[in-house]
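Here's a quick briefing to read alongside the structure. Have it open while you go through the points below.

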Amino acid sequence: MAARTVVRVLLIGWLLTLATIISGGLVSVSGSSTTCLSWPLCLEELRNGQNPLIWISLTHRALVALALLAVVAGMVAVWRRPETTGLPRIFAFAAGFLFILQALAGALLVWGIPAMVADVWHLSGALLAFGAQTLTLLLITLPAQSPSERVTGRVAQTQRRLRRMAWWLAASAGVAALAIGARSAAPTLEMATALPANSVGAMSFVALLSVWMAFELRRRLQPVAQPVALAIAVPRYSLLLPGLALLALVGLFITPTGHLLSLIAGTILWAGTLAIAVALQRIPFHVVSTQGVARPAPAWRSVIADYISLTKPKVISLLLVTTLTTMFITEAGIPSWWLVLWTMIGGYLAAGGAGAINCAFDSDIDVNMGRTSRRPVPSGRISPRAAFIFGAVLSILSIIVLWVFTTPLAAFFAFLGIVYYAYFYTGWLKRTTWQNIIIGGGAGAIPPLVGWTAVTGSVSLMAVVLFAIIFYWTPPHFWALALVKQKDYARAGVPMLPVVAGEAETRWQILVYSAIMMAVSLLPVAIGAMSWIYLLGAVLLGLRFMRDAWAVWRVGDQAAIWGLYKYSLLYLALLFAVMVADRLIIG
Amino acid sequence: MMAWFIFWVTAFVAIGGQIPLIIAAWRLYRQPHLAPANVPRSDGRADLGWTILTALATLALFVAAYLALP
């Protein structure tokens with residue numbers, strides 16, 4: 001079959017699926033599903049009644065039937081085409097499979113099977129099938145091209161950044177579309193049991209991300225410099241993304257017709273973000289690198305950026321992830337969004353304040369290390385005194401915010417974390433003993449205690465277990481970095497384990513601490529705080545951690561060490577995310 | 001049954017894992033290391049003390065977990 005014919009069949013299937021989703025939303029909004037009580041047709045009701053709503057229901061079913069034919073035809077066409085291999089085939093199969101499943105869910109709905117099975121998954125299945133169809137169509141119409149010019153350095157880095165961002169946006173838009181689907185099908189499942197995402201929250205996140213994406217696309221892919229028409233279109237029409245996101249968001253506040261508007265906008269937005277992600281992956285773009293567009297920043301902006309960098313935002317982000325996720329796994333249930341917001345603000349201020357004080361105290365060390373020598377204090381842009389005052393103000397604010405808006409115990413733990421990190425670790429441990437990372441790791445393990453006590457007002461065994469997991473996670477994580485940067489630490493006079501005991505001893509202790517960390521990570525299941533979902537996730541994530549730690553011990557080259565360092569960041573975030581998933585799904 | 005199994009396996013690894021850490025701290029206490037001159041030498045007894053303290057805290061955590069087993 002000719003490529004053009006395959007694309008036409010796929011396009012027809014795609015349009016019919018979109019029509020199916022829209023008509024399904026209309027059925028839901030109009031309440032016409034109750035007029036048609038048999039499946040696949042409801043001829044009895046059609047003969048007896050004069051209710052016009054029945055036609056909405058019947059039109060939806062007709063569209064589903066047509067779409068089903070087109071989707072299956074598209075799947076067969078893709079599989080029969082020898083030139084098409086790999087991902088397009090997989091997505092075409094997934095589209096057909098998901099579409100059939102969602103059609104069967106529709107039948108269950110008519111036959112009176114409960115909401116969770118039919119209501120939510122009927123629409124979710126159609127949305128997932130639509131996503132798979134979009135990817136099939138895009139992968140076939142935009143074949144991978146070998147790069148015409150070799151890109152290196154900052155251009156390659158900018159390209160990678162844009163692509164990562166595009167896939168992140170596409171995934172977020174998918175989650176938001178599914179969340180809207182769950183809301184419009186069953187409003188009581190707003191915080192859907194099988195989908196831990198609030199539709200308003202998810203779409204707000206997508207709106208912010210799409211504004212950022214559009215801004216970046218227009219800045220990095222200047223239309224005049226693009227080699228092909230599609231590459232010009234991507235930055236030019238990128239503003240449609242935030243427009244659609246806003247439309248979807250506004251619709252969520254207008255019931256019930258607004259939900260239909262949200263569903264349509266959210267679905268098209270998802271397809272649009274997928275299109276941009278695939279296009280960035282496959283079309284030759286001329287990217288303007290960070291260096292190429294850099295302009296001298298105004299003085300006030302540099303000062304603000306310097307003060308923000310004192311708070312170490314990248315380091316804090318992981319701490320906040322552990323605080324946030326912990327708030328959703330306590331026995332007190334799901335916290336209010338206000339409590340979450342104030343805890344996050346207090347947590348950021350506390351960690352940022354401690355980080356700024358650390359920068360003030362550590363300037364003599366930071367100036368001797370390549371990684372830290374460009375920080376504002378060692379480079380002389382901010383004085384140690386100013387950094388200390390800034391850190392102290394943030395710390396005091398954090399205690400006030402947490403005390404007033406959460407619980408006194410959360411404020412106490414934040415205070416403990418600040419003193420632990422800024423004075424006990426920075427002022428003493430770091431400079432005097434190779435145990436600095438082990439005992440100092442306690443500072444980084446306090447954020448879950450803040451999150452836990454902000455919700456419950458008390459400490460329980462599970463909160464201490466969370467502390468222990470991060471405590472034992474810290475040595476493998478930081479020693480991997482210390483192995484790579486040991487010359488820096490030696491020059492700065494910091495007695496890190498690789499400097500004082502050598503690489504072999506450090507690699508061995510990384511393995512031992514990793515094993516203990518994995519064991520402690522399973523303790524929540526033993527004490528009954530988590531179930532099989534967490535057990536499965538923790539075992540899989542932990543086994544990968546052990547594999548990397550084993551590679552560090554046995555091989556010990558830079559690739560293995562960097563591999564462990566990078567994975568350890570992901571590990572901690574995913575482990576806590578799995579806890580939330582376990583709690584939301586199992587309860 | 002499952003909870004007990006997981007508990008004993010994790011306790012074996014986490015508490016047993018303290019032994020090589022204590023041995024390593026003891027070894028570093030006994031054998032002077034070859035760190036650069038500008039890097040301060042830590043107090044070996046304090047390092048060993050920290051290691052034993054960590055082990056005891058871990059043991060306490062597992063005792064608390066044992067008491068909380070379903």
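This is a predicted model, so treat what follows as a description of that prediction. The largest share of the lining of the largest cavity, 4 residues, comes from helix 3 of chain A.

**The cavity**

- Searching the whole structure turns up 1 cavity of 30 Å³ or more.
- The largest cavity has a volume of about 70 Å³.
- If you want to find the largest cavity, look for its lining residues: A:V9, A:L10, A:G13, A:A70, A:V71, A:G74, A:M75, A:A92, A:A95, A:Q133 and A:T136.
- Two or more of the lining residues come from each of these elements of chain A: helix 1 (3-30), helix 3 (53-80), helix 4 (87-110) and helix 5 (115-141).
- What kinds of residues make up the lining of the largest cavity? There are 7 nonpolar and 4 polar residues, with no charged ones.

- Helix 23 of chain A (residues 503-521) packs against helix 2 of chain B (residues 18-30) at an angle of about 155°, and their axes are 10 Å apart.
- Angles over 145 degrees count as roughly antiparallel, so helix 23 of chain A is roughly antiparallel to helix 2 of chain B.
- The crossing of helix 23 of chain A with helix 2 of chain B is left-handed.
- On the chain A side, helix 23 makes the contact with A:E505, A:W508, A:Q509, A:V512, A:Y513 and A:I516. On the chain B side, helix 2 brings in B:Q18, B:P20, B:L21, B:A24 and B:R27.
- Sorted by class, this contact of helix 23 of chain A with helix 2 of chain B has 7 nonpolar, 2 polar and 2 charged residues.

- The contact of helix 20 with helix 23 of chain A divides into 15 nonpolar, 4 polar and 2 charged residues.

**Inside chain A: helix 14 and helix 16**

- Helix 14 (residues 337-361) and helix 16 (residues 384-405) of chain A pack with their axes 7 Å apart, at an angle of about 155°.
- That angle makes helix 14 of chain A roughly antiparallel to helix 16 of chain A.
- Which way do helix 14 and helix 16 of chain A cross, left-handed or right-handed? Their crossing is left-handed.
- The contact of helix 14 with helix 16 of chain A has 20 nonpolar and 8 polar residues, and no charged ones.

Definitions and conventions:
Residues numbered from 1 in each chain as written. Chains lettered and ligands numbered in written order. Predicted model: local features only at pLDDT ≥ 70, side-chain atom pairs only at ≥ 80, totals over all residues. Heavy atoms only, no water. 1 Å grid on protein atoms, 1.4 Å probe; cavity = no way out; pocket = protein on both sides within 12 Å on 5 of 7 lines; lining within 4 Å. Points joined across faces, edges and corners; volume = space filled by probe spheres on them. Nonpolar A, V, L, I, M, F, W, Y, C, P; charged D, E, K, R; others polar. Axes fitted to C-alpha atoms, helices over the stretch in contact; angles between N-to-C directions. Parallel < 35°, antiparallel > 145°, perpendicular 65-115°, else oblique. Left-handed = near helix turned anticlockwise from the far one by under 90°. Contact = heavy atoms within 4.5 Å.
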